[in-house]
Amino acid sequence: MIDRTEHVVTSDIPRPTPHLRTCVALYFPGLAVAVLIAISAQFLSEHYGAPATLMALLLGMSLNFLSESGARTVPGIHFASRAVLRFGVALLGARVSLEALSHLDVSLLCLVIAALACTILFAIIVGKFAGIDWRVSLLTGGAVAICGASAAVALNTVLPPRQNSDRDLALTIVAITLLSTSAMVLYPVLASHLQFDAKESGVFIGGTIHDVAQVIGAGFAMSDETGQIATLVKIVRVSLLAPTIIAISIMVTVLGAGVGQKPLKSGQLIPGFVLGFAFLAALKAVGFLPATADGLANDLSRWSLLTALGAVGLKTSVKEFAGIRPSHVMLALLATGFLAAFVVVGLLWHRG
């Protein structure tokens, strides 16, 4: 009787389903490698000042052999580069602050928005003449115009599938990071040469440098006021990521038949992670996102994106870069120069 009771009690204990155990066993090795790369990249960033996103890509590329056919890590790496990536992009919405829009002059706000739209359009037009795939041009232009690596990752998830998409993303992030680092050093000198005041310098720095950390570094290197304004302008640019990816998602869906895509159903017009991004941004804008949830979402987004970028690096072979045309790198350089020139001309015109 006792044995029977023990048997019944034991049988009532929930056990992992075979399907769950199979999924964990399938995805864990590759996902664990991507997470370790993210941790290593963050360590290098904190202790040596290296850009964490760039480090995640480079560390992943150095371990590319783990993504070769037949390796146990392949399913987990693919999962991290897709599902984890989309999860991190959705949580980016919690990092958007629409309140920043109310702290800028209408004319300067219009300048920032116009610079973003014109830079993306410029990249697409130049890419067309250079024979570059329009999706790569849009990816490059969006990364330059909005917020560097984060924008590149978000835009890449809504663009139609293409061959070597992971390689294109990795190359874009590497190029954008290097250009942003150079701008952090050169743009304060240029602002001083143009005799911009603190406000003008802040708009120039925040409206042109790609990465948030480098905007802060360049801005506060000039003055506290310049740093605060630069940070504010940069937040406005980041805030424009949500409407940009939604607009591009709808555009590529509507025009899908023209680029070889199968038309999506009406319920698939906007991907779920894009809706999640917009939902979190809206919650934060109206003040319904608690500070603790905001901080948690920020941390989860940062770590998810680092993990995903590590996986993208794992799937990218250094040999593949031999097939890259110099025009791809030149496009990022030209788009960066166009953005800087557009903002400088706008500020000089605004000065009157």
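Q: What share of the contacts with a separation of 6 or more comes from residues 24 or more positions apart?
A: Contact means heavy atoms within 4.5 Å. In the protein chain, residues 24 or more positions apart account for 80% of the contacts with a separation of 6 or more. The model is predicted: local features need pLDDT of at least 70, side-chain atom pairs count only at pLDDT 80 or more, and totals for chains, interfaces and linings use all residues. Residues are numbered from 1 along each chain as its sequence is written, and side-chain values use heavy atoms, with hydrogens and water left out.

Q: How many helices and strands does the protein chain have?
A: Both are DSSP runs numbered from the N terminus: helices are H or I with at least four residues, strands are E with at least two. The protein chain has 15 helices and zero strands.

Q: What percentage of the protein chain is buried?
A: Buried means under 20% relative accessible area, exposed over 50%, and partly exposed in between (1.4 Å probe, protein chains only). Of the 352 residues in the protein chain, 46% are buried. The accessible surface totals about 17200 Å² (Shrake-Rupley method, 1.4 Å probe; for residues, only the protein chains shown count as cover). Carbon and sulfur atoms own 68% of that surface.

Q: Which residues have the most contacts inside the largest nonpolar core?
A: A nonpolar core joins buried Ala, Val, Leu, Ile, Met, Phe, Trp, Tyr and Cys residues through side-chain atoms within 4.5 Å. The largest one has 86 residues, and Ile173, Phe204, Ile205, Leu241 and Leu347 have the most contacts inside it. Helix H8 gives the most to this core, with 10 residues. Ile173 touches Leu57, Ala149, Ala152, Val153 and Leu309, leaving out residues up to four places away in sequence. A second, separate core has six residues, including Leu91, Leu280, Leu283 and Leu289.

Q: Is Thr177 buried or exposed?
A: Thr177 has a relative accessible area of 8%, so it is buried. It sits in helix H8 (residues 165–193). Beyond residues up to four places away in sequence, Thr177 touches Pro51, Thr53, Leu54 and Gln214.

Q: Where is Gln195, and what is its phi near?
A: Most residues other than glycine have a negative phi. Gln195 has a positive one, near 60°. Its place is the loop between H8 and helix H9 (198–208). Gln195 counts as exposed because its relative accessibility is 65%.

Q: Which residues form a nonpolar patch on the surface?
A: Patch residues have over 30% relative accessible area and no salt bridge; like charges are joined within 9 Å, nonpolar side chains (Val, Leu, Ile, Met, Phe, Trp, Tyr) within 5 Å. A salt bridge puts a side-chain nitrogen of Lys or Arg within 4 Å of a carboxyl oxygen of Asp or Glu. Here Val35, Leu36, Ile39 and Trp303 form the patch, with about 340 Å² of accessible area together. Helix H2 (residues 18–48) gives the most, with three residues. Val35 lies in H2 and, at 35% relative accessibility, is partly exposed.

Q: Why does the span of helix H11 agree with expectation?
A: The expected span is 1.5 Å times one less than the number of residues. Helix H11 (residues 224–239) has 16 residues and should therefore span 22 Å; its end C-alpha atoms are 23 Å apart, which agrees.
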